[in-house]
Amino acid sequence: MTPPISIPNSRPSVAASASPTAVTIHDRMLFRKESTTFPIRQPKVLHPVENEDLRLLLLENISQEAVKSFREQGFHVDHSTKAMSEDELVQKIGSYHAIGIRSKTKITERVLKAASKLLVIGCFCIGTNQVDLLSAAKVGIPVFNSPFSNSRSVAELVMSEIVALSRQYFERAFEMRNGIWNKQSKGCWEVRGKTLGIIGYGHIGSQLSVLAEAFGMRVLFYDVVNIMPLGSARQVDTLPALLAEADFVTLHVPELPETTNMISTEQLAQMKKGAYLINNARGKVVDIPALIDALKSGHLAGAALDVYPSEPGANGAPFDDQLNPWASTLRSIPNVILTPHIGGSTEEAQRMIGEEVSSALIRYLNYGTTIGAVNFPEVDLRVITQEEPNHVRVCYVHNNIPGVLRQVNEVLSPYNVEKQYSDSKGEIAYLMADIADVSPTDVNSLREQISKTSANILTRLLA
């Protein structure tokens, strides 16, 4: 028989006042009701009942602010400035409960099979296409990202590229570095009065439209859904309509099957002669060999690329024809700005991303909250307070099939279920329930019974 465990009532003082940053409507109502007559109830910091120290692996030079946040929770953190290959991850990931990555590290189905302890994945960036989201959900692992923290940084980079392309100062600066004085105005333009076409009017695209209008530009945008414009921006009905009018075309779309090579030979031919193309979205949304042809023919006056179909895994690695067979040709074309995926690489963006994603991971590990998960049902409960010492939170990931809740509620029937919430997303469902008056001797039995239900994927108890 499994020995009973001791449910701790408090944590070390460094984390004693920690509270989830995602506030539910219940918390707001509780605050309004009690702030007039009683002190605010402090949330209880929960622990996994297994009493195993949580280990986190952070790769790709994730913000030290995130490292600090995790360590303040008492988590063990291993931090690396580099990405890891699939083989390296398979060897190492089995000892970690959480992993944080940026865009270069790939979490594949093979990696997930080796991740026997993994509970959660944090993408410290906007995109999540580097993670096999479906496979992660099937094994009960939610994935969190930062959908807007670097939006301003990317939007500012695009504006700088618009000016750099229109004035050709990237070329002039390169010539000066080589000792060549080449002052000229031919083919150089003000951006005032020009038309910017934005493909994808989300967090980045909408911020960019505001900045562009401040420069005196006319803004058009195309999106697959109807969106209220900011300022004087105008949505067009079709992509060809945008391409035909825009002097500058910039992409801000996710990498999906329907966006792969969405700008190719046909679309480039629809752009105005002398227009410019900018891609800071995902490397596969532009057919780069077709772009090279459009640039060499003179149909386009220039381009700026920050993302590529294949990218080096570390700083200092070559960006050459072995990586992408057209790399040397692209590098040789005038008025083409190539940057190493730096759209979100500012101190401000990385700090905000670190804060946002680390908070999401901490809320999930400590409280079971999945608000903001991209591949998982979004479930939350109001906090267990310090005045409720013998409460246990059940976090139950299961297959979305009939009869599951009946089985779970039968297990919970001897106890008082104070609050319970369940939601599903596709084949995966997630239940959270707070159980009152659970003795330490009952905790292991409770976990074992729930884990043995027919639809169980992952069961965690927090107390």
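His-398 stands opposite Asn-456 in strand 16. Strand 13 (residues 392-399) pairs with strand 16 in the antiparallel sense over six bridges; pairing requires at least two DSSP bridges between two strands. The model is predicted: local features need pLDDT of at least 70, side-chain atom pairs count only at pLDDT 80 or more, and totals for chains, interfaces and linings use all residues. Residues are numbered from 1 along each chain as its sequence is written, and side-chain values use heavy atoms, without hydrogens and water.

Helices (H or I, at least four residues) and strands (E, at least two) are DSSP runs, numbered from the N terminus. Contact means heavy atoms within 4.5 Å; angles, from 0 to 180 degrees, are taken between N-to-C directions of lines fitted to C-alpha atoms, for helices over the stretch in contact.

| Helix 14 (residues 404-412) | strand 13, strand 14, strand 15 | about 155° with strand 13 |

The open sheet has four strands in the order 14-15-13-16, with antiparallel pairing. Its edge strands, each pairing on one side only, are strand 14 (416-425) and strand 16 (456-462).

The second largest pocket has a volume of about 420 Å³. A pocket is an open set of points on a 1 Å grid over the protein atoms alone, where a 1.4 Å probe fits, with protein on both sides within 12 Å along at least five of seven lines; lining residues have an atom within 4 Å of a point. The volume is the space filled by probe spheres set on the points, which are joined across faces, edges and corners. Of its 22 lining residues, Ser-103, Lys-106, Tyr-308, Pro-309 and Glu-311 are the closest to the centre.
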